[in-house]
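Morning, everyone. Please bring up the model on your screens, and I'll walk you through a few places in it.

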Amino acid sequence: MHRTRTRTAQRSAALRGLAALVPLLLLALASGCALQQVEVVRPDMFRNYAIYLRDELVRRNILDAEGNYMEAAIRDNRDYRPASYGEELYRRLSTRFRSAEARNGLAGETFADSAAPDDNVRIGKVGFALGQGMDVISVSHTAITDWNGDGVNDWLVTCTVTPLFGTGPREYYLVVENVAPTGVLKPTLLAIRDCANNECTVLVGKARSKVLGFDPDRSTDKAPANFVESQPGQQIVVPPNTPAPAGAPGAGGPRVQEHSLSN
């Protein structure tokens with residue numbers, strides 16, 4: 001009798017799970033093709049991708065035409081999932097998307113390699129904040145989805161650089177494809193959001209080169225990557241709405257501190 005009740009409860013739980021998936025499946029069918037599942041880690045930052053890269057996300061079946069997405073219902077245990085994304089990004093994420101020196105081998109390639117002994121770092125479960133020179137650099141794991149459609153989930157990552165004085169913040173929207181447990185994480189630069197004088201400009205395509213001082217589509221050690229398609233010099237002016245970096249350097253204490261960046 002007990003086993004019968006247990007089996008009945010298990011079947012009921014399974015039916016409830018299927019019922020929860022029906023609206024998502026209907027949404028995918030209504031869009032004309034199956035949407036990629038998205039596991040959102042930082043909703044506030046993923047919102048920026050959905051606004052500023054909407055056409056690209058629709059083209060890749062991450063959003064539908066109305067801007068909806070399919071929330072990941074089942075976690076794929078085959079994906080590489082570190083205990084701390086913040087530690088992983090700090091130790092392994094390449095800075096070549098924003099540093100000409102790193103691209104040319106004149107500076108450490110990762111954030112950890114390029115950090116000076118007196119730089120203050122706070123590392124959390126999903127990101128880290130680094131006080132470096134006159135900037136606060138905040139890097140956050142933003143979402144997990146199959147960006148390139150190859151059946152393997154990829155990471156969307158946001159890097160925000162906020163000067164302590166002068167102009168407003170700059171955000172870099174990145175994707176790290178087919179993440180492996182070892183090696184340098186080499187992101188693709190999707191777009192830059194530059195804010196100054198109460199105005200923000202989203203730069204894609206060749207317009208990124210103007211603010212970077214180099215062409216991010218080219219590397220010193222490999223052929224041009226498959227970046228977002230755009231017209232040369234394309235830029236979009238949008239109202240400023242950049243959140244403060246998640247964490248900031250503090251005075252005193254050890255150089256690397258464990259600090260929650262999940263909110």
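Start at Asn178. This residue counts as partly exposed, because its relative accessibility is 38%. Partly exposed means between two cut-offs: buried is under 20% relative accessible area, and exposed is over 50%, with a 1.4 Å probe and protein chains only. Where does Asn178 lie? In the loop between strand E7 (170–176) and strand E8 (188–196). Helices here are DSSP runs of H or I with at least four residues, strands are runs of E with at least two, and both are numbered from the N terminus. Now the backbone. Asn178 is not a glycine, yet its phi is positive, about 50°.

A word on the source. This is a predicted model, where local features need pLDDT of at least 70, side-chain atom pairs count only at pLDDT 80 or more, and totals for chains, interfaces and linings use all residues. Residues are numbered from 1 along each chain as its sequence is written, and side-chain values use heavy atoms, with hydrogens and water left out.

Next, Asn61. Here too phi is positive in a residue other than glycine, near 60°. Asn61 sits in the loop between helix H3 (54–59) and strand E2 (70–71). Its relative accessibility is 25%, so Asn61 counts as partly exposed.

Follow E8 onward. E8 and E9 form a hairpin, with two residues between them. Asn197 is in that turn, and its phi is positive, about 55°. The two strands, E8 and E9, pair in the antiparallel sense over five bridges. Pairing requires that DSSP finds at least two bridges between two strands. Find Asp194: it stands opposite Thr201 in E9. Is strand E9 enclosed or open? Strand E9 (residues 199–203) is largely enclosed by the rest of the structure, because four of its five residues are buried.

Now a helix. Glu88 is found in H4 (residues 85–92). Buried or exposed? Glu88 is buried, because its relative accessible area is 11%. Which residues does Glu88 touch? Leaving out residues up to four places away in sequence, they are Tyr80, Pro82, Leu93, Trp155, Pro181 and Leu185. A contact means heavy atoms within 4.5 Å.

Last, the whole protein. There are seven helices and 11 strands. Of the 263 residues, 41% are buried. Take contacts between residues at least 6 apart in sequence: 61% of them join residues at least 24 apart. The protein exposes about 13,800 Å², and carbon and sulfur atoms supply 53% of it. Those areas come from the Shrake-Rupley method with a 1.4 Å probe; for residues, only the protein chains shown count as cover.
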